[in-house]
Structures are given as structure tokens and as C-alpha cells.
Amino acid sequence: MGKFFSLVTITALSSTLLVAGTSKMDFAKVYEKECQGCHGPIHQGGVGSDLRPQALKKKNREFLAETILNGRENTAMPAWKDKFSKDDATGMVDWLMDWKNTVELKLDLAKVKQTWTKLADVDALAKKYPVDKDGNLKYKGAEIKNVKDITFATERDASLVDFIDSTTGKVLSRHKAGFAVHVTVTNKANPRYAYSISRSGRLTMFDIGAPGQPAVASVQVGQESRGLAVSPDGKYILAGNYNPGGAVLCDAHTLKPLKAYDTSRVIDPDGQINPSRVAGIADTPYGPYFAMALKDAGHVYIIDYSKPNFPIVGDVPNIGKILHDCFLNENEGKDYGRYFQIASQGSDLMGIVDFKTKKLAAKVYTGKKSKPHPGQGSSWFNKKMGKQLNATNSMNFGSVVIWDSPSWKVVKKVKTAGGGLFVGTSEHTPYIWSDCVLGKPENYNKVYLINKETLETDRIIEVGKEKGRLIDAKTGKVIQKWDATQYERVPVNEKKFGKETILPPVAEGKHGAKVKEPVQPRLLHAEPANHGKWTMISEWTTGRIGIYDSKTGKFIKYIYNLTTPTFTYSVEHRQHVPGA
């Protein structure tokens with residue numbers, strides 16, 4: 001991808017392959033695939049620690065190698081001993097300590113435009129396969145009744161976006177969409193169109209109203225990307241980059257790039273001029289705005305897409321260090337979607353940015369070393385308190401932090417079994433659902449169901465290697481047990497679908513032989529589906545998605561034959577969540 005961007009600074013080149021002992025590992029390649037998502041493309045840190053030589057020079061090499069092999073408790077750092085030998089770990093440490101930032105890239109709109117690819121005729125598909133304004137499919141032989149019945153799922157290590165019929169659990173199609181597909185969103189003004197962004201910088205647009213949910217366009221917006229948002233009027237989509245730092249605004253009907261917002265030279269919280277990644281991005285129904293968080297600079301930019309040339313009309317500084325993900329408030333009435341709530345993981349707080357004043361309204365401190373990670377976040381009205389409440393997970397330890405709006409006071413911290421990444425809810429469930437995916441192996445197989453009125457944990461979902469259990473959190477009584485036997489995936493071959501490469505779905509309910517050595521299930525990201533009747537929970541390590549009753553937490557069934565499923569995204573649910 002280097003050819004698509006302008007080179008700004010070139011320093012002395014360093015080797016990308018060092019050999020320590022018997023290690024033949026390509027450390028640069030492994031770092032790019034496995035490490036830079038948390039530690040950053042120029043090793044500057046983020047979710048993970050700063051790994052630049054200056055930050056490592058006082059560290060003990062043996063301690064660092066041990067950390068690679070065995071991970072670090074209460075952090076996002078996993079153990080790599082199954083993939084790294086001792087020599088590999090030592091070699092990686094040597095490579096990190098000798099690493100030089102050889103190239104800094106600047107976002108170049110002209111180069112991005114060269115990567116735009118039309119994969120299908122959007123208007124011809126819409127004419128041939130009509131979908132009405134409410135999302136109903138109006139042609140014979142349609143696989144589903146309404147596009148809002150679809151839930152997206154991402155298969156991280158298989159680089160796939162899947163489309164699932166949320167009313168049955170049937171996988172409709174699986175599409176290659178770039179390495180580690182990270183975020184998927186829908187067009188609220190025209191929900192037949194869906195979009196995904198991969199960590200490898202590929203932005204893809206799909207027509208989920210046509211048979212097979214074909215990809216209709218793609219563009220390479222960067223080398224490493226994260227955030228994505230579509231304007232409520234359905235006209236524009238904004239994609240955020242880690243590398244080169246910045247964001248790209250595209251036409252949401254064609255995916256053609258319109259403007260690049262470069263963040264290769266911005267002032268950071270320490271007053272230094274440095275590049276910044278762009279992290280959380282959100283649209284809002286409050287006004288014609290996008291908000292984009294400058295991860296390393298501690299700023300939030302507000303873009304007005306209704307004005308010529310889509311200017312930045314707000315710059316909110318001094319929020320905190322290491323900005324990450326975000327969500328909007330759901331207060332009813334005129335303040336609906338008014339506040340952009342952004343996690344600052346380096347300052348252990350949630351920054352509250354006001355779209356009305358374009359200023360920082362408050363800082364909600366989530367606890368020392370808490371590293372908030374709201375994921376999709378939770379915002380709901382608590383009848384007992386008569387207040388709108390909001391919640392985030394904490395990455396470093398098991399704590400769900402709850403605060404009210406618009407007074408922005410913490411009202412409760414609910415203890416869970418381990419650090420989590422996602423906390424979610426909907427109007428159809430009495431709970432907020434919090435995972436423990438960053439906890440210890442004996443705990444990352446749990447999801448806590450916290451009562452939205454009492455703010456106490458009512459139930460716990462726990463999936464073992466062979467059995468699943470729904471537990472009453474207060475009495476310890478097992479409410480339900482189910483068969484959680486793990487099965488091998490049914491192999492399928494890639495095939496061409498128009499101009500795409502796809503993997504055909506396996507028949508619903510079909511699976512391979514029983515796994516001889518089952519692993520501990522790692523549960524994450526609870527998402528409402530099937531018009532609120534179900535909640536889907538991904539099992540990263542077992543290759544399946546569990547479906548649960550949203551009102552009771554009881555297990556219903558599994559979707560099998562997936563590869564490291566991570567996020568799920570219900571079109572119907574997200575139609576009603578501001579900024580999602």
C-alpha cells in the first residue's frame with residue numbers, strides 16, 4: 001500500500017528480519033499482523049504499551065520476552081507461547097529495541113481515489129431487486145422479508161463479513177473484505193446499503209437487498225483503519241485511519257472519495273507536534289456533524305458535512321491521552337445524540353463532547369488504571385432514578401462504570417469477573433450485557449447480565465468446554481444448562497461471486513466432528529437481534545455465535561462454522577441507536 005500514499009520523511013532503513021538464536025521469524029510481518037492493532041503502526045502504544053526504543057530502553061529484556069510468552073494479567077496482552085518460541089520472543093524484543101521509524105505517511109486524497117473500485121452497478125441492482133423505504137424486499141425469491149432482519153458478523157482471522165438472517169440464525173453469505181474486518185455500519189436513510197472497514201484499510205460497500213448481499217464498491221483508505229460512520233441523511237460515510245493518520249470522507253452511494261483529513265502533524269497533549277491516529281468516529285442526529293477522535297492528540301474534530309468542502313467546524317482539545325472508542329447519549333427530546341462520549345484510555349476517563357457548544361462538557365473519571373472501553377456503549381433510561389444512564393466496560397479489571405447525563409456523575413461501579421471490551425443493551429432487554437473477554441481464561445467465558453433498574457448483576461452466562469450454564473448471580477443457582485460441545489468447522493472452498501471472492505455458507509445447523517481437545521470459550525460482544533427477541537454473543541476461540549433470549553438470558557442455539565467471530569451488528573437494532 002506504500003505506493004498509494006506520499007512519503008513525508010525517510011530515515012535510515014532498518015532490517016525487518018533479525019535472527020535470534022534459531023528464530024527465523026519475520027518480526028516486522030508478525031508485528032504488523034498481530035501487534036500493531038494494540039501497540040500502533042509506529043509502536044507508539046494505545047490499548048497496548050508504547051514499544052518505541054526510548055520507552056523500552058530501561059526495561060529488562062528477559063522480562064519483556066517473558067511478557068510476550070505469558071502475557072500480562074489484567075491487560076489486553078495475551079500469552080503468545082503457543083505461537084512464539086523462546087528464541088522468537090527474544091528476537092522480537094531485540095527487533096523492537098533496535099527498531100527505527102523509517103517512514104511516515106501522509107494521507108493523499110489523489111492516491112486514495114486511484115484505489116476506488118466499482119464492483120457492481122448500484123442503480124441497476126436497486127432497479128432489478130426493489131426494496132421499499134421501510135426495507136421490505138419487493139421481488140420474488142428473496143431470501144429474507146426485510147433488510148432490517150439482517151445481522152452482520154465479522155470473522156476476524158478469516159477476513160470475512162457475514163450476513164445472517166437474525167430471525168432464524170441462518171448465514172446468508174460470507175464475503176472477503178480485508179484483513180481483520182473491524183467495524184460494520186448501515187445506512188439509516190437507506191438500510192439496503194451496508195459498509196465495512198478492515199484493519200488493513202479496505203472500505204467495502206454492500207447491497208444487502210440484492211441476492212447474496214453483493215459488494216458493490218471498495219476503496220483503500222489507508223494501511224490500517226478502524227472507525228466508520230454514515231451521515232443520517234445517507235449521503236456520506238467517514239472512515240478513520242490509524243496509518244496514515246487521518247480520515248477519508250466518501251460518497252455513501254458510490255464510495256467515491258471526496259475529502260481527506262490528514263492528521264500527520266497535530267499537537268499532542270504534551271504540546272509536541274506528532275502524527276495522530278484517528279480512533280472513534282460517530283455521526284449524530286443532533287446536527288449535520290461527524291465527530292472524529294484524534295487518538296494520540298487528545299482532540300476531537302467536528303465536521304459539518306452540510307457545508308461546501310465539508311469543513312472542520314469544531315476542535316475540542318485537552319480531553320485526555322489515548323482516545324479510543326465512543327458512543328452517543330440517548331436522552332429523549334432535543335438532546336438526543338447531543339453528546340459524543342469518547343474513552344480516554346491513557347487518562348482513565350470518558351470525555352463528553354457537546355455537539356451544540358462544540359466544547360468539552362465534562363470528564364467522567366472511571367477509576368485509576370481502568371482504561372475504559374465502551375465498545376458500542378450503553379445508554380438507557382432508568383425509571384427508578386428518573387435519569388438517563390450510560391455505561392462503559394473497563395479493560396484492565398472487571399468493572400462496569402455507570403454515570404448519568406447530563407450531570408455526568410458516576411452513580412455505580414459494578415464488579416465483574418474480568419476486564420471487558422463491550423457493554424450493550426436495547427429497549428427489549430432488562431439487562432446491560434457485559435463481557436469479560438480480557439479476564440483470565442477461567443473468567444473470559446462469562447457474560448454478566450446487569451439489571452438496568454437496580455444496577456445489580458442478576459444473571460451470569462458461563463460457557464465451559466462441554467457445558468453452558470445460566471447462573472443466578474445472587475444465589476448461585478443454575479437456572480439452565482445446555483450442551484456446549486465444540487465441533488470442527490466444515491471446510492468450504494472460495495469461489496467467485498461477480499467480481500468478489502466469497503466463502504459459501506454451510507447449511508444451517510451442520511458442523512464437523514467433535515473437537516478432541518476443546519478450548520476455553522472466549523465470549524465477547526453481546527448484540528440485540530431478531531427485533532430484540534435474541535441477543536447474539538460471539539465465541540472468539542470456538543468459532544461460533546451463541547443466541548440467547550434477551551429477556552431471560554436463556555440459551556437458544558449456536559451458529560457454527562465460523563473463524564474467530566468478533567463483532568455482530570443488527571441492522572434493525574442500530575437503526576434506533578444514535579451514532580451506531
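How many positive and negative side chains does the protein have, and how far apart do the centres of the two sets lie? In this predicted model, there are 82 positive and 61 negative side chains, and the centres of the two sets are 1 Å apart.

**Overall architecture**
- The protein contains seven helices and 41 strands.
- Its radius of gyration is 23 Å, close to the 25 Å given by the globule rule for 580 residues, so the protein is as compact as a globular protein of that length.
- The C-alpha trace spans about 60 × 55 × 55 Å along the principal axes of the protein.

**Burial, surface and contacts**
- Of the 580 residues, 59% are buried.
- The accessible surface of the protein amounts to about 23,600 Å², and carbon and sulfur atoms account for 50% of that surface.
- Of the contacts between residues at least 6 apart in sequence, 51% join residues at least 24 apart.

- Strands of a sheet pair through backbone hydrogen bonds, in either a parallel or an antiparallel manner.
- Strand β33 (residues 467-472) pairs with β34 over five bridges in the antiparallel sense.
- Ile 471 stands opposite Val 478, a residue of β34.

Technical notes: Residues numbered from 1 in each chain as written. Predicted model: local features only at pLDDT ≥ 70, side-chain atom pairs only at ≥ 80, totals over all residues. Heavy atoms only, no water. Helix = DSSP H or I, 4+ residues; strand = E, 2+ residues; numbered from the N terminus. Rg over C-alpha atoms; globule rule 2.2 N^0.38 Å. Buried < 20%, exposed > 50% of the residue type's maximum accessible area, 1.4 Å probe, protein only. Contact = heavy atoms within 4.5 Å. Areas by Shrake-Rupley, 256 points an atom, 1.4 Å probe, with all protein chains shown as cover. Lys, Arg positive; Asp, Glu negative; His and termini not counted. Charge placed at Lys NZ, Arg CZ, Asp CG, Glu CD. Pairing = 2+ DSSP bridges.
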